[in-house]
Amino acid sequence: MTGDVASPLALFGAKLAGAVGGSVISIAYLLPKGRSEALARFLTGAVTGVVFGGPAGIALGDHLGLTGRIGAAELLLIGSAGASLSAWWALGALQRFAEGLWVRPARRAER
């Protein structure tokens, strides 16, 4: 299974499929507030998955012990989906942290 040679187009297709899949799962798992947020989340996930799919696939493959057991296309699919899915979660956590820096905490009513 690891001796197969995949064409660059097949590798890009696996990367794109993983990126789109991760974006769709991200949208389905945590519903967006509106269409613009859904589009932003989808595009952020898709671009992140395509750009960082290779390194993420290698890192996940090494961490899970999959290197040498599955082919390059599968590693790209896993890496792209993982990067795409985690991109929105990381940006959401960063946004909530940044909002907390400038928002005053609500005062509790004293009795």
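Guide: Start with a cut-off. Buried means under 20% relative accessible area, exposed means over 50%, and partly exposed lies in between. Val-20 has a relative accessible area of 31%, so Val-20 is partly exposed. Keep in mind that this is a predicted model.

Visitor: Where does Val-20 lie?

Guide: Val-20 lies in helix H1. Gly-21 lies in helix H1 too. Gly-21 has a relative accessible area of 27%, so Gly-21 is partly exposed.

Visitor: How far is Val-20 from Gly-49, in sequence and in space?

Guide: Val-20 and Gly-49 are 29 residues apart in sequence. In space they are 7.8 Å apart, C-alpha to C-alpha.

Visitor: Now the whole chain. How many helices and strands does the protein chain have?

Guide: Three helices and zero strands. Along the sequence, the pattern of the protein chain reads α-α-α.

Visitor: What share of the protein chain counts as buried?

Guide: Of its 111 residues, 27% count as buried. Look at contacts as well. Take those in the protein chain with a separation of 6 or more: residues 24 or more positions apart account for 68% of them.

Visitor: How do I read two helices that pack? At what angle do H1 and H3 pack?

Guide: Look at the angle, then at the axes. H1 and helix H3, residues 72–102, pack at an angle of about 30°. Their axes are 7 Å apart. Angles under 35 degrees count as roughly parallel. H1 and H3 are therefore roughly parallel to each other. H1 passes H3 in a right-handed crossing.

Visitor: Which residues make that contact?

Guide: On H1 they include Leu-11, Ala-14, Gly-18, Gly-22 and Ser-26. On H3 they include Leu-76, Ser-80, Leu-85 and Trp-88. By type, the contact of H1 with H3 has 14 nonpolar residues, six polar and one charged.

Visitor: At what angle do H2 and H3 pack?

Guide: About 130°, with their axes 5 Å apart. That makes H2 oblique to H3. H2 passes H3 in a right-handed crossing. The residues of the contact of H2 with H3 divide into twelve nonpolar, eleven polar and two charged.

Visitor: One pair is left. How do the axes of H1 and H2 cross?

Guide: They cross at roughly 145° and come within 8 Å. H1 passes H2 in a right-handed crossing. Among the H1 residues in this contact are Phe-12, Leu-16, Val-20 and Ser-26. Among those of H2 are Ala-38, Arg-41, Phe-42 and Gly-49. The residues of the contact of H1 with H2 divide into ten nonpolar, four polar and two charged.

Visitor: You named Ser-26 for both contacts of H1. Is Ser-26 buried or exposed?

Guide: Buried. Ser-26 has a relative accessible area of 1%, and a residue counts as buried under 20%. The place of Ser-26 is in helix H1, residues 8–29. Leave out residues up to four places away in sequence, and Ser-26 touches Arg-41, Leu-85 and Trp-88.

Visitor: Tell me about charged side chains. How many salt bridges does the structure hold?

Guide: First the idea. Side chains of opposite charge can pair when their charged atoms come close. This structure holds one salt bridge. Glu-37 forms a salt bridge with Arg-41, and the closest N and O atoms are 3.0 Å apart.

Visitor: Where do Glu-37 and Arg-41 sit in the chain?

Guide: Both are in helix H2, residues 35–64. They are four residues apart there, so about one helical turn separates them.

Visitor: Finally, a loop. Where does Leu-66 lie, and what does Leu-66 touch?

Guide: Leu-66 lies in the loop between H2 and H3. At 23% relative accessibility, Leu-66 counts as partly exposed. Leu-66 touches Gly-61 and Ile-78, not counting residues up to four places away in sequence.

Terms used
Residues numbered from 1 in each chain as written. Predicted model: local features only at pLDDT ≥ 70, side-chain atom pairs only at ≥ 80, totals over all residues. Heavy atoms only, no water. Buried < 20%, exposed > 50% of the residue type's maximum accessible area, 1.4 Å probe, protein only. Contact = heavy atoms within 4.5 Å. Axes fitted to C-alpha atoms, helices over the stretch in contact; angles between N-to-C directions. Parallel < 35°, antiparallel > 145°, perpendicular 65-115°, else oblique. Left-handed = near helix turned anticlockwise from the far one by under 90°. Nonpolar A, V, L, I, M, F, W, Y, C, P; charged D, E, K, R; others polar. Salt bridge = Lys/Arg side-chain N within 4 Å of Asp/Glu carboxyl O.
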